[in-house]
Structure formats: structure tokens, C-alpha cells
Amino acid sequence: MDKRNNIRNMSVIAHVGHGNSTLTDSLVTAAGIIAQEDVGDVHMTDTRADGAERGSTIKSTGIYLFHEMSDESLKLYKGERDGNGYLINLIDSPGHKLGVAMRNDEKKLMGKALMKQVMKTWLPASRALLEMIVYHLPSPSKAQTYRVENLYDGPLDDAYATAIRNCDPEGPLMLYVSKMIPVSDKGRFFAFGRVFSGKSVQRTVIWMASKLEAVEEVPCGNTVAMAGLEESITNNATLTNEKSVDACPIRAMKFSMPPVVRVAVEFKNQAGVGELHLDVCLEDLKKNFVCGAEIIVYPFEVDFLETVLTASERDVRCRFKNNHNFLCMSSQPLENEVVEAINDGCFNPHDNFNASKFLSKKLNWGEGGVENIWCFGPETTSPNMLTDKCKGLTNEMKNSVLSGFHLASKNGVLAGQEMHGISFTVSDIGLHADVNKRGLDRVASAARRAALASQLLAKPRLLEPVYLVKIQAPEQALNAVYGVLNEKRVEVLKEKKIQRFGNPLYIIKGRLAIQDSFGFSQSLSDATSNQAVSLLMFNNRWEVMYSDPLNARSPAAEHVNRIRKRRGLGLQITTPSDLEAKF
């Protein structure tokens, strides 16, 4: 563990049922922990009972592997190393060939059975993969030299950044906790993370799949689990030495896709219930967090976004009660190219030169048009835009308008869902000449109300999240597959036939609304007797629900009413005139 040049950190990531646990078993076998004949059967990292029953990893599981390389296998390796022994910190993550000689009966296998047989037959896999890990994954001492700027949230020349950059075991402790792992004792957790500098020495253990082994210390470059921190950490954190009060945190991990499905729970008896860690699954919630208290589990709910189809019918004019002040605003849909550019980080509203160049050359916006862009929102990065045609506004006024825009774009007028792809323009602001009569405290509220009213006047619509579906099935299961696709309203995009061992295999691609996806994989397996394999991928695709949510009998209105009820908003959507009224 002290030989930083001989440490490798990696994670096995694959979709459910695609052999990641079997592959991990193969690597564990090469390290001498399980027997070769047990590969694909042990599933050593399926440590939970529900995971073992389903034959798939439910929670990320860590394991330490030691691999001794031969001189022959290392003769082409040019990197720094300390001997031939390598420690691999491996994490098997849950799901979100080859010259292999197989018998004829084995070639008829499908799905998981085929994958298992291939992995058991492909004997060189573990050795080849382990050598690839050693050759192509950087050691912590090398990787941290160039990753420190993405890891550390403080000055890159202070003592902590320097220690991380050098992977210095004698430097100050810098340890990032990425998750909390429940243990058998109810309410207790191990904090799991990685040491980037210094050494972790108090109540430290190493994670060996279902076993935790106590060690005196874990030096930098390794992953580690620690006991006794559940009262202080609920999700992730940065740990350092007691005297390192000027250290800055290591940046939290960011996920590229937002959550689009949620579930609500309620306690039947509120007495004696403590603080909950809401990021764990319901089974853990029942067993580890609420001490057996009964809970009511409500149906899964899908998050939507709110957008508009056209420009608003007119400018909205929000008036103040003192009759001296007003704010005018309009809205219109953003071009898809602009939405994609904002999501991809192609330009920054505060970088006028590059933003103007991008918009004029790539999207045919007029020169200088970007100068009127105030910001994106909510949270300055989402694909909604605020522009202005006003002149001479003070920074105080501008900041108040920005606050109102962020509030509105975070909670749209239909159901309090985040807006998407809407451009708002402040066309006029009238404020009293006397500063004492301007009511600046109400400008943010006026901007919010104006944005919501202009949204209502621009044919508001819901956007629903959509999965990309990929299905593999033999010819004899095709009718059953299409039966399920029709039942679940899957839009088929492409069908491809592949001749395989004399038995045609079909690959079908399509789109499936996430609200219709619950139970899809199970229905497909049941209908085809496990002959079809499905893959559902969310790549941040949202599609317009063209039914009018303002029409009480429309399907979109049903979704709006359900969301408003869940959020306690009341069933009546406010009107533009109510939002424009004096306040």
C-alpha cells in the first residue's frame, strides 16, 4: 500500500445484466481469492442478499487485489515502478470477444448464460485485463499531478494542493469521502473514500467485498473505509488534519444527468424517527434507518420540465401598488442549437467577445446580439436565457431582476417544474425618480411574476424525459417483443437483422417515455421467456407533450394536477392577469 507507483484505482461499470460482476470474479480469480471453476457463480461483489438473489450488483462494492507481474510481462512497461507486485483498488459498480472456442450446444445459449460461458471459456481474460490495468491506468503519484486542478477547490499553490499533486504520504491528510456504507448494526455506517495525501490512521479498514478488515493505517493513493463518522457525514465530505483549518474541500462529484424519477415516503407513526439519509434505496431505508418504523411508499413519480411553443402574445406589464413602478417582459422559445450550446458549455454570457463570435458564426445571430444577454438560469448554467432592452439600470436593479428570473426558471408556472429552452426579455422598467419610492425590494418579485405570466401567454407545454431503448432478441421471440413495445408505447426507430450461428438475431432501437418504463424489462423477459435482453439509456433527452396543460381534460393537465397536488400547490393555475395585478 505504500508503493504509490504500483497502485492502480479502477471501477468496473456496465449496465444491469451485462457481466460486470462476472468480469470482476475473473479478476478476483487471477488474484487467487476464488477458484477458477467458480467464476460467474460466486459473484463476490454481490454482497447484499437482494443483489445475490437477482444475480447483479445493487450497491458499489470495493475490493483490494494484489497481482504479481512477471518480468516478461513488464518488459515493455516504461513507467516508474517498485518491483513487480501491483495493488489494485477495484470498485464493482451497479448497472445503471475473441477467438473463443465453444461447443455447438454452448453456441445456442442466450443472454446471461452465454455471457457466463464466454467468460469461463475465455481463460486469458483476467491476465490480459490485469496487464492492461497495470500498463494503461496511471498510478496515483502520476495521475494526481495533472488532476489536482480538477480535484482541489482551493489555491493550487497552497500546501494542500501541493501534497495532493505529489501524492505525499508525509503531507497533510486530504481524504475525500464519496459515500456512506450501512453496516449490520442499524444506524451505523462506514465512510468510504480515497486518500489523496497523508495517511488515514484512525479506525481504518479496507473493504474486501463482503468483509471489512481493520488496518493500522492507509497511505495516500488508496481507498479506505472509516468507522464512527455517521454523525458528522451524511453523503460526501473532505477530511483533513485537526490543525489544517485553512484547507479547502475536494470538489464533490458531479453527475452529468439530473434525476428524473423520485419516490415519496411517509411514516405511519412519526414518533421516534430520526434523521434520514434520503439518497439510499427503500430497502436500506426500512432496515437501517428507521428502526423498523412502518412507512407508506407512494408510487414512483417522474420529473418533467416546462417550456413554451411560441413567443408570448404580448408584453407582460407587472405594476406596483404605488403606481410609480412597473416591469415589462416577454418570452419566446430558444432555438434547439442554443439550448444544446448552453448545455455543452460552448459559450459564457459573461464572455461577450467569444459568445458573440459563437452565436453569430455558428447560430446566425446578429453581431452584438449577445451583449443583451444577462445570464442563463436557473443556477447560471441551465438552458434558459434572460436578455434586456433596458438602458441605465443600476447593479442593484439588475441583481433584483436576476433573482426573480432564477426563481421563476427554477419553478415554472404550470407545476413548479424547472423551465427549459425559454428566453425572457425585459423590455422596459419604470422606476420613480425618488429612490425612496422605487420599491427595489419588490423588483425581484415583479420579475418573477412577469416571467411566469409571459410563460402562460406563450403556449406553455410539459417536457417529459425519454429513454433510448435497445433490445436484442432471436427471431422466434420477435412477435412477443413487439407486443410489449406496443403495450408500453415504444416508438421504434430502427430494426436490424444479424445472422448469427444460423439463428438470426434482431436489434431493435426505439424511444420510451420514462413514465411508461416501469416494469418494462420484467414484462419483456416474461413475454419472451428471458430470450430478449433490453437496455434503457437516458441521455438527457426530453420531448414535448403537445397536449395543452391548460385544457383540464388533456393528458398533460392530468400530469400537472398530480404534480401540483404532490407539491402542495393547489390545483388552480394562476392567470396572467392575476400575476400582472398590482402588488
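**Close-up views of a predicted model**

Both F405 and F424 are buried, where buried means under 20% relative accessible area, exposed over 50% and partly exposed in between, using a 1.4 Å probe and protein chains only. This is a predicted model, in which local features need pLDDT of at least 70, side-chain atom pairs count only at pLDDT 80 or more, and totals for chains, interfaces and linings use all residues. Residues are numbered from 1 along each chain as its sequence is written, and side-chain values use heavy atoms, leaving out hydrogens and water.

**View A. Aromatic pairs.** The whole structure holds three aromatic pairs (ring centres of Phe, Tyr or the six-membered ring of Trp within 6.5 Å; planes under 30 degrees apart are stacked, over 60 edge-to-face, the rest tilted). One of them is F405 with F424, edge-to-face at 6.1 Å centre to centre with 70° between the planes. F405 sits in helix α11 and F424 in strand β21, 19 residues apart (helices are DSSP runs of H or I, at least four residues; strands are runs of E, at least two; both are numbered from the N terminus).

**View B. Strand β4 and its partners.** Here β4 (residues 174-182) runs antiparallel to β5 (residues 189-197), joined by eight bridges (pairing takes at least two DSSP bridges). Look for I181 opposite F190 in β5. Four bridges join β4 to antiparallel β11 (residues 237-240), with Y176 partnering T238.

**View C. The loop residue Q417.** Q417 lies between α11 (395-410) and β21 (422-430), and it counts as buried because its relative accessibility is 4%.
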